[in-house]
Amino acid sequence: MAEGIRDKVAIIGMGCTKFGELWNKSAEDLMVDAFQECLEDAGVEKKDIDAAWFGVHFEEESVGKGATSMSLALKLPFIPVTRTENFCATATEAFRGACYGVASGAYDVALALGVEKLKDTGYGGLPGGPGLMGTKSALIMPKLTAPGAFAMMATRYFSVYGLSPEEGKRMLAKVSAKSHYNGARNPKAHLRREITEDQILNAPIIAWPLGLFDCCGVSDGSAAAIITRADMAKDFRPDPINVKALQVALSPGEELMYTKWDGAHVETGYRAGVMAYEEAGIRNPREEISMAEVHDCFSITEAVTMEDLQFSPRGKVKEDIEAGRFNLDGEQPVQPDGGLKCFGHPIGASGLRMLYEMYKQLQGKAELPERQIKDPRLGLTHNMGGFPAMNIVSVAIIGL
Amino acid sequence: MVGIASYGAYIPRYRMNHNTIFSAVGFLGTFPPPGENAIASHDEDALSMAVAAGVDCLGSIERQTIGGLYLATTSQPYMVRQNSALVATALDLQPGIRTADFTGSTKSGTGALLAALDAARGATSGGVLVCASDCRLSKPGSPQEYLYGDGAAAILVGVDDLIATYEGSYSVSYDFPDRWRASGEKFEHAWEDRFIRDSGYGQFVAEAISGLLKRYNMSIDEFSKIVYPGLYAREHGTIAKRLGADPSQLQDTLLNTVGDTGAASPLMMLVAALEESRPGDRIMVAGFGNGSDALFFRVTDRIDGFAGRRAVRQHLSAKKELSSYEKYLAFRNLAPMDLGMRGEIGVRTPMSALFRDRKAVLALCGSRCRECGTPQYPYQRVCVNPDCGAIDRMEEYRFSDRHGVVFTYTGDHLAASVDPPSIYGLVDFDGGGRFWFDFADCDLDSVRVGMPVEMTFRRRYVDESSGVHGYSWKAMPLRA
């Protein structure tokens, strides 16, 4: 039995830019901004960093291939820099690489940085294109967009659990309304306006049954973390945050090509959660996980993820949503920073942006007192990349 | 003995009333005859409709028994890259067959049929499938726009199990310059209608039919059905009168319900005639275009047990009105439509990959695991069944003629489409297998989880920068 990553490494510094349509910032500018905050927070200098991992997804829209864009932007002094790309888990994969680099003993201090510059495409939504899933898929799969792919999960969820479109959409509206409430209170969020359930329900349809406010924003942003050995962490700061679990699960094709998957959950999400709880020694995630930042690319994704991560029983998330369980003042706050819903989803940055919120909350350093969750012990982040029928999910757990 | 072993047809779902055209472009001065035209959807063309007619015609006939495919059309997407070979691949015919394109004239429909009958007579194996299909582009406001309709027919020519035997033919050929389209041109040119009617249509059809009667020493009243296209409604009757035929012998021209389907027209009418024929009936078929071919058939006893084809009759009754002329222009790419920058993202077709994966892309073939029996699309080397996982134990498995049900779906307004929302979803096939597909010929309001579907071969995109017309299969509501 493998030992796992639990309590072997710790985060000693993090940085995160404001997310948004940053017309005047390049990907390189965003990297420098996140890096600067991260260095200051960690109290280290550039020369202390032994190795770096760099996450970016749509490299063709911004920085180009490889990792040189980061070594050049930050003037990293001839150290190893490795680029990671794994759909929406790209930033978490950079973080995982840095953690494993330190845990292996190869390095003492490592940097993970993710960036995405989405707003140079000239159109809304994520960049599309037939090559996203490979040459063969481009010839046979429908011209999917992200909203359409996740709308199909909403259709399926409503059908499996007997919700009328009205009931289902009302449930999802509460998810988005909650995140907008949180985002409105976060200076780094892109969308900072509270939205009512009725506004959400009356918004134009993007992909049936999902409307405009069921979809997350599209933004530019960057976030970064500096990691060191857990036994060295207190040399840098009094309140480092330990890594408890890092897990990734990918689809083997069963969901898309075999007929057992019910389409109303994300199998990889469930599996990655189970593996992460095992690694972190968590028996009852509903009780033990204090808070979470999950991949709410769409409202339905968040709802289903609550069940996949065993925060809510299967088919019962509606009750928890209605009871306010995941609200900022609820028993298990989810998306306390506003989530992808309000930060948007610069893919290569999102996973680290989520960790930034958990890290700050665990340190009791959420900027405004009204945002601070009371005495959190464990924070979970979750990314899902690809489509419900074919994807990757990463789960990270950090804590005191 | 050679003749017809099976028949099939295809008429697209949309119909556009002539008044719809007139209210949009009637100011140009052409006054329409009453009626409606069948309109291919934005994802259909001559090849997709040829495949649809071929699927109808083949029914459950084993694809390995087919020895050739002849395609007749004047609206083929490719000048170079054999269109019939693409259709044959989509129909999952074996490679060891003869394929040929018959084009350049609306007479090519009967020309292909004659060639197939001649081929069958000398053939050592298998029938020849003749697909005739046309989806002709007409200039907005032109008389052709009222005349032309889209449709396809398929006739399986063979030597065994015939529903009609081929009895003889007579052809005339003229370099009749009624319509022409030079290489590289988008639209046809036409000479004056009165010239086409009086010097061509009115002459050649009668000449071919009279020639046939004379050659075989027959009289016109021996035929229960006389089939020839109806370019001009009144002249259609006049030709019959000149031949001494009774109006009751004339097969309906489909002119007011489908339009003139060019190369497909005489074959679609032949299919319609076969649908209502009885053993012993004699059917005369003549085409028109740069002359005329006349053929005659005698219906056998087997016609009584012949069923299971949608043919013309069922297609005629399944229709939906296209009331927007502007949408029709968008379907035909006749007006620049804004699909947003997302719609401008290029599709580049890697031809070597297309050829390698042609069975998956064009024939909708996947695999079935010999160990556990799980069908899977596309072809997998490692079995997707988590309890199996066998490697390289697959046999080929075709999904194109399998039905399924909608597992889930959406209507996507973000995806670039000339007919938004893009409707797509996952399909669970009867007998196993699941994949995602675009949906065709349906309205979002009518789609439901669990709704039965069948598969249809469609044009996915046209990449004008590289001249590629891309095709694959979509799901559509199971037709009654």
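Author: The discussion below concerns a predicted model.

Reader: How are two packed helices described?

Author: Two packed helices are described by the angle between their axes and by the distance between those axes. In chain B, helix α2 (residues 46-58) packs with helix α3 (residues 83-90) at an angle of about 45°, their axes being 10 Å apart. That angle makes α2(B) oblique to α3(B), and the crossing is right-handed.

Reader: Which residues of α2(B) and α3(B) meet?

Author: From α2(B) come B:Leu47, B:Ala50, B:Val51 and B:Gly54, which meet B:Asn83, B:Leu86, B:Val87 and B:Ala90 of α3(B). By class, this contact has 6 nonpolar, 2 polar and no charged residues.

Reader: Into which domains is chain B divided?

Author: Chain B comprises domain 1 (3-331) and domain 2 (402-480), with their C-alpha centres 28 Å apart. In chain B, 17 residues of domain 1 are in contact with 12 residues of domain 2. On the domain 1 side, α2(B) supplies the largest share, 4 residues. The residues of that side divide into 9 nonpolar, 3 polar and 5 charged.

Reader: How many residues of chain B are in contact with chain A?

Author: There are 41 residues of chain B in contact with 34 residues of chain A. Elements giving two or more residues to the chain B side include α11 (351-356), β18 (404-412) and β19 (422-429). The most come from β18(B), with 6 residues. By class, the chain B side has 23 nonpolar, 12 polar and 6 charged residues.

Conventions
Residues numbered from 1 in each chain as written. Chains lettered and ligands numbered in written order. Predicted model: local features only at pLDDT ≥ 70, side-chain atom pairs only at ≥ 80, totals over all residues. Axes fitted to C-alpha atoms, helices over the stretch in contact; angles between N-to-C directions. Parallel < 35°, antiparallel > 145°, perpendicular 65-115°, else oblique. Left-handed = near helix turned anticlockwise from the far one by under 90°. Contact = placed C-beta atoms within 7 Å. Nonpolar A, V, L, I, M, F, W, Y, C, P; charged D, E, K, R; others polar. Domains from an automatic or database assignment.
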